[in-house]
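Here are some friendly notes to read alongside the structure. Take them in order, and keep the 3D view open as you go.

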Amino acid sequence: MMKQSMSGESPLLKVDDLTVGFADRRGFLLAANRVSFSVPKDHTLGVVGESGCGKSVTLRSLLGLVPYPGEVIAGSIMWMGRDLRTLSKKELERIRGKDISMIFQDPTSCLNPVFSVGDQITEMLRMKLHMSRQKAFNRAVELLDRVGIPSPKQRLADYPHQLSGGMRQRVMIAIAIASQPKLLLADEPTTALDVTIQDQILSLLAEIREETGMSMILVSHDVGVVAQNADEVAVMYAGWLVERGAAREVLHGPRHPYTQGLLNAIPKIDQVGQRNPLVPIQGQPPNLANLPQGCPFQPRCPFVNERCYSVSMELDRQEREHGSTCPFMDGEGA
Amino acid sequence: MSIHGWGGCVKSGKGSPLLEVHDLSKYFFTKRTVLKSIFGKPQPRLVALDGVSMTLNRNETLGLVGESGSGKSTTARCIVRLHEPDKGSVLFEGRDVLSAGAEEIRKIRREMQLIYQDPYTSLNPRLTVRAAISEPARVHGLVDRSGESDLVEELLLRVSLPSTVADLRPRALSGGQRQRVAIARALSLHPKVIIADEAVSALDVSIQAQMLNLFDELCKGLGLGMIFIAHQLSVIAHISQRVAIMYLGRIVETGPTPEVFLRPRHPYTDALLKAHPTIESQRNRTPALSGEIPSPYAIPRGCRFNTRCRYTENRCFSEDPPPVEVSPGHYSWCHVLPEFSSGMVTKKTG
């Protein structure tokens with residue numbers, strides 16, 4: 001019922017050379033650097049990377065939610081033919097929460113503790129969809145039921161503190177899908193949850209996507225989560241998107257030394273009892289305010305050579321194909 | 001076999017184990033209002049640990065896994081008596097930890113060191129790395145001022161930090177470096193047991209791998225016994241020789257890690273393994289486990305997993321399941337004992 005046909009073949013969202021900078025008295029840093037990707041309809045893009053790699057900032061910048069003193073300083077964010085960067089606050093407000101929704105890592109701090117769950121869902125329905133009070137109430141019951149909350153009518157009167165972490169995340173999802181968005185931005189939606197609850201939430205999101213054809217950008221530090229939920233994977237490091245491609249290709253044949261290192265560093269549950277030492281990535285992630293010259297991964301890279309100091313950091317492949325910013329890795333597959 | 005008989009039968013190593021925990025229980029009571037106490041309402045009791053037994057040998061790493069609220073950290077804290085357990089016994093090298101006097105417990109704690117999850121809050125921000133690392137040894141009178149810098153030098157080397165960090169304060173260090181300082185600090189007292197409570201959970205994957213390798217080296221090189229608490233199964237699979245799966249204050253399955261992970265015999269273990277996302281596996285169409293962990297104020301009767309279990313029988317709701325040794329050293333507390341293999345389930349009677 002929610003399926004809406006897209007005009008033509010153009011992607012829902014197309015981001016080009018998105019650059020986000022943070023400036024304060026001490027200096028200036030780029031949290032996201034010429035990041036480009038696109039999300040077609042009914043498609044899930046997974047973004048992986050470690051803390052500070054710019055994955056959350058990139059996601060937030062799409063809706064103009066970069067925290068002060070951050071600022072989008074270059075690039076374009078084309079949403080169905082309109083550049084979100086050029087829209088006025090009011091116009092953006094109409095898209096935010098309606099066509100594009102967002103869920104966050106910590107549902108505790110995203111729900112308002114002094115309003116009941118019902119208030120918070122109906123607020124959304126009344127503001128964005130202009131429903132009447134009664135209609136919004138009925139729809140809220142439906143939504144809570146949809147996200148798997150038992151006895152939804154009673155739960156509407158509950159306050160966030162009366163719910164468990166998993167239930168709160170379900171409420172967040174209910175609010176996010178209330179307006180039947182075309183794109184859901186999920187910023188580490190299961191990081192704060194236990195593995196069995198994570199499994200439930202991810203299954204729920206998959207079900208909703210299947211039903212509605214909603215697209216999703218899933219940001220996570222957990223490669224396993226992204227592997228199981230994304231069609232396409234983008235790997236970020238130090239503000240750069242270093243590799244992008246179909247999930248299977250990137251995770252089974254990484255073409256950037258960082259992706260390869262990341263995959264090697266993960267303990268594998270099926271190698272239980274073998275007790276082989278892990279292969280960590282040497283060194284520390286770089287300081288964003290003081291990036292190394294050339295490729296930001298170069299000080300930790302096992303394949304480093306003198307050309308890495310002047311590499312262009314362009315993804316070497318066309319749209320939709322498996323691309324890497326590292327020109328020196330081909331044939332080295334993991 | 002009773003639960004009491006079990007504590008003794010897992011002595012896998014030679015000689016007496018380094019640490020023996022037997023039937024450990026811990027309850028927390030919450031306040032009730034004056035009115036409720038006048039009317040004789042019972043004080044609400046949170047069952048954090050209920051009859052947990054385990055042993056740890058020298059040169060061995062025991063993994064503790066479970067969801068939040070399963071009692072992993074409470075176990076750790078009860079072992080070193082940061083919480084006073086309500087029942088049970090803890091023997092460290094044959095010495096009774098729970099009845100030890102003030103002087104004795106100081107000595108015991110010196111030999112059993114805890115490492116915490118968050119290196120941002122577990123280190124004093126005002127102390128330099130040098131002061132943080134040498135402080136415990138100084139307090140316990142193991143070094144004097146002159147021996148301090150040698151000790152710090154040696155420990156920094158041991159945890160692979162450059163000696164130049166000695167004069168920095170924690171805020172100048174990254175998360176991984178801070179956790180190395182916390183480990184160096186724990187090692188400064190030459191402990192025999194290290195209890196790592198989610199010690200790698202806050203770290204990024206690339207740093208986590210460095211830390212896991214470091215823990216592995218330490219365990220081998222210093223002959224330590226280690227209790228490694230984590231919620232990530234892959235971490236436990238990597239680091240521990242034996243594993244105990246905890247649920248709602250109890251151990252539900254324990255045994256050699258490969259045995260438990262490859263041939264689980266408790267539905268909860270199986271669900272945890274199926275819920276764990278990996279690169280290789282496909283996502284299940286339906287969640288591995290429905291529902292949430294019950295409140296520790298109201299523990300279900302019978303088997304405490306019965307609210308979420310797919311294999312329940314009548315007795316699961318009335319009787320507490322006894323431990324059953326399904327293979328040498330591998331125990332499961334389940335009446336039904338289903339056999340699981342690669343998603344296919346065959347139910348075994350008896």
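1. Let's begin with chain A of this predicted model. Its secondary structure comes to 11 helices and 11 strands. The radius of gyration of chain A is 21 Å, close to the 20 Å that the globule rule gives for 334 residues, so chain A is as compact as a globular protein of that length. Its C-alpha atoms fill a box of roughly 65 × 55 × 45 Å along the principal axes.

2. How much of chain A is buried? Buried residues make up 47% of its 334 residues. As for the contacts in chain A with a separation of 6 or more, 65% of them are between residues 24 or more positions apart.

3. Now turn to chain B, which has 11 helices and 14 strands. A compact globule of 350 residues would have a radius of gyration near 20 Å, and the 22 Å of chain B agrees with that. The C-alpha trace of chain B spans about 70 × 60 × 45 Å along its principal axes. Of the 350 residues in chain B, 48% are buried. Among its contacts between residues at least 6 apart in sequence, 64% join residues at least 24 apart.

4. Please look next at helix α3 of chain B, residues 72-79. This helix is mostly covered, with 7 of its 8 residues buried. The buried ones are B:Lys72, B:Ser73, B:Thr74, B:Thr75, B:Ala76, B:Cys78 and B:Ile79. Just after α3(B) you will find B:Arg81, which takes a positive phi of about 65°.

5. Here is a pair of helices within chain B. Two packed helices are described by the angle between their axes and the distance between the axes. Helix α5 (residues 129-139) and helix α7 (residues 175-187) of chain B pack at an angle of about 30°, and their axes are 7 Å apart. Why are α5(B) and α7(B) called roughly parallel? Angles under 35 degrees count as roughly parallel, and the angle between α5(B) and α7(B) is about 30°, so the two helices are roughly parallel to each other. The crossing of α5(B) past α7(B) is right-handed.

6. Which residues bring α5(B) and α7(B) together? From α5(B) come B:Val129, B:Ala132, B:Ile133 and B:Pro136, and they meet B:Val181, B:Ala184 and B:Arg185 of α7(B). By class, this contact has 6 nonpolar residues, no polar ones and 1 charged.

7. How do the two chains touch? In the model, 38 residues of chain A are in contact with 36 residues of chain B. On the side of chain A that touches chain B, the elements giving two or more residues are α8, α9 (223-229) and α11 (257-265) of chain A. The largest share of that side, 8 residues, comes from α8(A). By class, the side of chain A that touches chain B divides into 18 nonpolar, 14 polar and 6 charged residues.

8. Finally, follow α8(A) across to the other chain. Helix α8 (residues 195-212) of chain A packs against helix α11 (residues 267-275) of chain B at an angle of about 55°, with the axes 9 Å apart. These two helices are therefore oblique to each other, and α8(A) passes α11(B) in a left-handed crossing. A:Val195, A:Thr196, A:Gln198 and A:Asp199 in α8(A) meet B:Ala271, B:Leu272 and B:Ala275 in α11(B). The residues of this contact divide into 4 nonpolar, 2 polar and 1 charged.

How values were computed: Residues are numbered from 1 along each chain as its sequence is written. Chains are lettered from A and ligands numbered from 1 in the order in which they are written. This is a predicted model: local features need pLDDT of at least 70, side-chain atom pairs count only at pLDDT 80 or more; totals for chains, interfaces and linings use all residues. Axes are lines fitted to C-alpha atoms, for helices over the stretch in contact, and angles run from 0 to 180 degrees between N-to-C directions. Helices (H or I, at least four residues) and strands (E, at least two) are DSSP runs, numbered from the N terminus. Angles under 35 degrees count as roughly parallel, over 145 as roughly antiparallel, 65 to 115 as roughly perpendicular and the rest as oblique. A crossing is left-handed if the near helix is turned anticlockwise from the far one by less than a right angle, and right-handed if clockwise. Two residues are in contact if their C-beta atoms, placed from the backbone, lie within 7 Å. Ala, Val, Leu, Ile, Met, Phe, Trp, Tyr, Cys and Pro count as nonpolar, Asp, Glu, Lys and Arg as charged, and the others, Gly among them, as polar. The radius of gyration is taken over C-alpha atoms; the globule rule is 2.2 Å times the number of residues to the power 0.38. A residue is buried if 20 or more other C-beta atoms lie within 10 Å of its own, exposed if 12 or fewer, and partly exposed in between; C-beta atoms are placed from the backbone.
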